[in-house]
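Please consider how a few local features of a protein model may be read. The dialogue below takes them in turn.

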Amino acid sequence: MSDITKSKSWRALAAQGAEMKNRHLNDLFRADPDRFAKFSIEMQDILFDYSKNLVTEQTIDGLLDLAREVDVEAWRARMFSGAQVNMTEDRAVLHVALRNRSNEPILVDGADVMPQIKAELAAMKSFVERVRGGDWRGYSGKRITDVVSIGIGGSHLGPQMVTEALKGSKNNPMRVHYISNVDGTQIADVLRPLNPEQVLFVISSKTFTTYETLTNMRTAMNWLVASSFDQSVLDKHFVAVTARPENAEKEGFPAENIFQIWDWVGGRFSLWSAIGLPIALYLGFDSFEELLDGAHDMDQHFQNAPLGENAPVMLALVGVWNSTFLEAQTQAILPYDQSLHMFSAYMQQAEMESNGKSVNWDGADVPYQTGAIIWGQLGINGQHAFYQYLHQGKNIVPCDFIGSIESNTPVKGHHEYLMANFFAQTQALMIGIDEEEVRAELRRKGKSERYIERLVSHKIHKGNRPTNTLLLSRISPRTLGSLIALYEHKIFVQGIIWQVCSFDQWGVELGKQLAMNIQGELAPKAATGPHDSSTTGLIDYFKQQRDTPPPPSSRT
Ligand SMILES: O=P(O)(O)OC[C@H]1O[C@H](O)[C@H](O)[C@@H](O)[C@@H]1O
């Protein structure tokens with residue numbers, strides 16, 4: 001593997017990065033009235049504007065050279081054709097096959113995976129129709145009214161993010177709930193108002209070994225059996241989604257209650273598979289298919305658009321520019337559409353588990369900044385919470401602003417105000433306000449010179465803070481599918497440029513292993529450790545406080 005930092009394009013970009021740190025976006029816009037037209041991409045339902053980034057045409061050319069140098073196009077072709085691009089796990093990466101709406105075969109180890117994908121989609125469709133149509137009923141003969149999804153990480157965030165985004169769109173006979181945390185508070189809260197006779201549990205786990213999920217599943221099973229006084233009713237109320245059906249069978253699931261996913265479906269890219277069953281149960285299978293269609297639209301764009309007009313590629317390149325060459329350490333995702341209130345949390349897993357890596361494909365330490373820390377929440381709420389930092393904090397935080405032209409729930413006056421803020425914030429982050437303008441403004445307001453002197457430096461905004469804007473026609477299953485796929489491909493392209501293994505997540509294993517050991521130590525009278533003094537001290541304090549009987553009441 002060649003050292004990418006020695007390549008011509010990398011060195012040119014590094015030199016440019018040092019120079020561009022001294023430029024201001026305001027000057028770039030003044031110098032080129034066509035920036036918006038040059039640095040934006042219009043797709044069917046999404047406009048992507050990256051002009052408010054500290055880039056020039058030369059920067060973009062350099063970034064495209066880099067993409068060519070690492071051969072993004074060949075890697076893209078390898079992913080779509082089922083090659084083992086998950087290098088450390090020797091697996092294909094084929095979330096794109098799950099939404100392949102064409103009749104093209106996709107081969108893994110010489111076998112076409114499309115027939116099994118289609119068969120599983122057909123099984124999901126028929127199940128969803130039976131449940132929603134009242135054909136599949138609970139043990140007492142009542143209709144299913146509530147779907148409870150139990151899963152965590154990639155087996156939870158995608159389905160919940162999507163159902164939250166699309167929940168307002170229909171007069172829905174079904175409710176959906178999510179349990180991910182092993183903290184008993186969550187399962188107790190979710191189950192309390194539900195009628196066990198009308199609940200369908202979907203247990204989602206690629207491995208079917210995840211402790212949180214299996215613990216919650218067993219508690220849910222006990223809850224149901226306690227209500228029905230009959231173990232045999234579980235089959236009417238529990239289905240499993242997994243790549244390890246044998247593990248689900250060991251937990252008592254009959255084969256017909258198990259939906260299949262495969263090794264080549266990465267957890268954080270799995271909502272398009274049967275992991276999306278809660279989405280389909282809640283919204284109907286048609287909506288689920290529209291979501292797949294939207295993702296397929298973006299897959300086609302990613303495969304066919306020239307690199308410079310390719311939205312996932314450009315989103316990735318601008319991200320690399322900000323992280324690696326301008327050394328921004330974080331990236332905020334700020335949706336202005338209430339529907340997307342879980343989008344940042346979802347992207348946090350997708351991006352940080354994928355590109356939060358420090359060694360390259362050969363296992364050597366990389367000397368540059370890789371995946372950024374992803375964070376954020378609804379932008380309009382953030383304005384009243386953390387935007388102070390975005391405007392005047394010491395660190396530059398590149399931000400993605402995501403908004404919709406049309407609201408799914410128009411209420412007079414609301415959307416215009418929301419969107420006015422959406423546009424104003426990216427503008428303010430860019431243009432800032434300098435000393436002269438601050439002074440002039442305060443004078444206009446009739447403030448004394450003493451007051452102005454005291455406040456002026458506090459009110460200066462330096463601006464020059466980079467943002468992307470993504471403007472969707474509106475949030476629908478189709479546009480949401482495209483938006484998610486846009487980010488998925490961004491992650492892929494960035495991984496190729498940084499030469500990191502985007503599709504494994506070894507970094508989550510050590511903590512899990514240590515927890516397994518410590519769990520035994522938390523039993524009453526069990527010995528602690530040996531550990532470092534902090535860990536031992538904390539565990540001992542926890543057990544001592546927990547196991548010491550409360551003092552007798554001091555009341556006389
Ligand atoms: O789907 P499961 O096998 O239950 O795994 C659930 C999650 O747990 C793991 O710790 C990984 O970090 C995630 O990538 C995964 O999505």
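This is a predicted model: local features need pLDDT of at least 70, side-chain atom pairs count only at pLDDT 80 or more; totals for chains, interfaces and linings use all residues.

Q: Is A332 buried or exposed?
A: A residue is buried if 20 or more other C-beta atoms, placed from the backbone, lie within 10 Å of its own, exposed if 12 or fewer, and partly exposed in between. A332 is buried because 23 other C-beta atoms lie within 10 Å.

Q: Which residues is A332 in contact with, leaving aside its neighbours within four places in sequence?
A: Contact requires C-beta atoms, placed from the backbone, within 7 Å. On that basis A332 is in contact with W375, G376, V397 and C399. The C-alpha atoms of A332 and G376 are 5.0 Å apart, although 44 residues separate them in sequence.

Q: How are two packed helices described?
A: The description uses the angle between their axes and the distance between the axes. Here the axes of α15 (residues 343-355) and α21 (residues 477-498) come within 10 Å and cross at roughly 15 degrees. Therefore α15 is roughly parallel to α21, a term for angles under 35 degrees.

Q: Which residues of α15 and α21 meet?
A: From α15, M347, A350, E351, S354 and N355 meet Y487, E488, I491, Q494, G495 and W498 of α21.

Q: How many residues surround the ligand?
A: The ligand is surrounded by 14 residues, with G153, G154, S205, T210 and G267 the closest.

Terms used: Residues are numbered from 1 along each chain as its sequence is written. Two residues are in contact if their C-beta atoms, placed from the backbone, lie within 7 Å. Axes are lines fitted to C-alpha atoms, for helices over the stretch in contact, and angles run from 0 to 180 degrees between N-to-C directions. Helices (H or I, at least four residues) and strands (E, at least two) are DSSP runs, numbered from the N terminus. Angles under 35 degrees count as roughly parallel, over 145 as roughly antiparallel, 65 to 115 as roughly perpendicular and the rest as oblique. A residue is near a molecule or strand if its C-beta atom, placed from the backbone, lies within 6 Å of it.
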